[in-house]
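User: Please take me through this model and show how its features are read.

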Amino acid sequence: MNLENIIEELNTRKTELESRLERTHKHIYQKDGPVSANFNEQVKETENDSLVMALDAEGAAELAQVRNALQRISDGVYQNCAHCGESISGDRLEAIPYTDSCIRCASQSNP
Ligand SMILES: [Zn+2]
């Protein structure tokens, strides 16, 4: 397992997610524009809103995981499972860099 590559990957993902969240937050919370007069356009905007909100929630959850992984790396506990304390395999961390559980705990929580 190459920890430097993983850190780089996590940092890249973090930057991507932060800029995506900045855009979705602007879209959701900063509605300065006039409300559309046209009803069809309003419907479109509403559909778009729920899509953006889903993206926002998904991005926020992933960003929390990425930040948690970076914190775990700096704490020196990245390879320890947060649930049972066993070590997480390097293959697993390379495949899912933001995971905090070993394959056994992960399969128990997601049967
Ligand atoms: Zn475990």
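**Reading the model**

Analyst: Glu-16 lies in helix H1, residues 3-29; helices (H or I, at least four residues) and strands (E, at least two) are DSSP runs, numbered from the N terminus. This is a predicted model, in which local features need pLDDT of at least 70, side-chain atom pairs count only at pLDDT 80 or more, and totals for chains, interfaces and linings use all residues. Residues are numbered from 1 along each chain as its sequence is written.

User: Why does Glu-16 count as partly exposed?

Analyst: A residue is buried if 20 or more other C-beta atoms, placed from the backbone, lie within 10 Å of its own, exposed if 12 or fewer, and partly exposed in between. Glu-16 counts as partly exposed because it has 14 C-beta neighbours inside 10 Å. Of the 111 residues of the protein chain, 12% count as buried.

User: Which residues form the largest nonpolar core?

Analyst: In soluble globular proteins, nonpolar side chains tend to be buried together. A nonpolar core is a set of buried Ala, Val, Leu, Ile, Met, Phe, Trp, Tyr and Cys residues joined through C-beta atoms within 7 Å. Here the largest has five residues: Leu-17, Val-66, Ala-69, Tyr-78 and Tyr-98.

User: How many helices and strands does the protein chain have?

Analyst: The protein chain has four helices and zero strands, in the pattern α-α-α-α along the sequence.

User: What is the mean pLDDT of the protein chain?

Analyst: pLDDT is the predictor's confidence in each residue, from 0 to 100. The protein chain averages 89, and 89% of the residues score at least 70.
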